[in-house]
Amino acid sequence: MTRTFLALSLSAAYLAAEKNEPAEAIKRVEASTRVMEEIMASPDKGIPKDLLDKAHCVVVVPGLKTGGFIVGAKYGKGVVACRKDGGGWRGPATVRVEGGSVGFQIGAGEVDTVLLIMNASGAEKLRRSEFKIGGEAAAMAGPVGRAAQAETDAYMRAEILGYSRSRGVFAGVAITGSTLREDLGDNAVIYGRRLSNLEILEDARGTPPAPAKTLLATLDSYSRWEKK
């Protein structure tokens, strides 16, 4: 009797804890915030601020699943935020990354991946339900560190700049062949209703929860366009 009661009590406690546990989509927003904070906390080894200042959108995919000597980005989920009128950031919406390559990494595992969308054309493509990097838009390896020569013609013409972090090493990486798709299910978890990325990023529908607001505030703290 006592054992049965104890087992039932433990089961009830486990279910209650599970119920209060944040959904995976919310955890992913929180993880994306940490990725940006950690990367930007090391200006000598992170994303050059002048490039982040020019970016129209940012995609963060924490823990992208990879495998192989030249990593094939098999699967990952992340978030995207885009600029709004006035300079702040709008979103986040969600994306799934499938297929493709994220440059040279030894072994299999997980990498944090960041994409900077550098112009209005790239931002427009990102708001669609899906697009393929390397087909419609190529992602070249971005420069690293505040001392990097970020003003070269190549970087200024690039539509997407790619970065990855694995085993503590952060570097620019060329990304090709990956498909980015909106995740309507994760959008529904975050916003409480089924919204497309276009509705979130362009029409500003839905009220972001606290973790999402924290991500936007973090991006604002590192880069915000001022209204002219």
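**View A. Surroundings of the Asp 112 side chain.** In this predicted model, the backbone nitrogen of Gly 63 is placed 3.0 Å from a polar atom of the Asp 112 side chain. The side chain of Asp 112 also makes a polar contact of 2.8 Å with that of Arg 165. Asp 112 belongs to strand 5, which spans residues 109-117. With a relative accessible area of 17%, Asp 112 is classed as buried, because the cut-off for that class is under 20%. When residues up to four places away in sequence are not counted, Asp 112 touches Val 35, Val 61, Pro 62, Gly 63, Tyr 163, Ser 164 and Arg 165.

View B. Strand 8 (residues 160-166) and strand 9 (residues 169-172) run antiparallel and are joined by four bridges. Ser 164 stands opposite Ala 171 of strand 9; Ser 164 is also among the residues that Asp 112 touches in View A. Two residues lie between the strands of this hairpin, where Arg 167 adopts a positive phi near 50°.

**View C. Glu 182, a buried residue without a salt bridge.** Glu 182 is located in strand 10, comprising residues 179-182. Although buried, Glu 182 has no salt bridge; Arg 194, the nearest side chain of opposite charge, is 7.6 Å away. A polar atom of the Glu 182 side chain lies 2.9 Å from the backbone nitrogen of Asn 197. Neighbours within four places in sequence aside, Glu 182 is in contact with Thr 94, Val 95, Arg 96, Ser 129, Ser 196 and Asn 197.

Definitions and conventions: Residues numbered from 1 in each chain as written. Predicted model: local features only at pLDDT ≥ 70, side-chain atom pairs only at ≥ 80, totals over all residues. Heavy atoms only, no water. Buried < 20%, exposed > 50% of the residue type's maximum accessible area, 1.4 Å probe, protein only. Lys, Arg positive; Asp, Glu negative; His and termini not counted. Salt bridge = Lys/Arg side-chain N within 4 Å of Asp/Glu carboxyl O. Polar contact = N/O pair within 3.5 Å; in protein donor to acceptor, adjacent residues only side chain to side chain. Contact = heavy atoms within 4.5 Å. Pairing = 2+ DSSP bridges.
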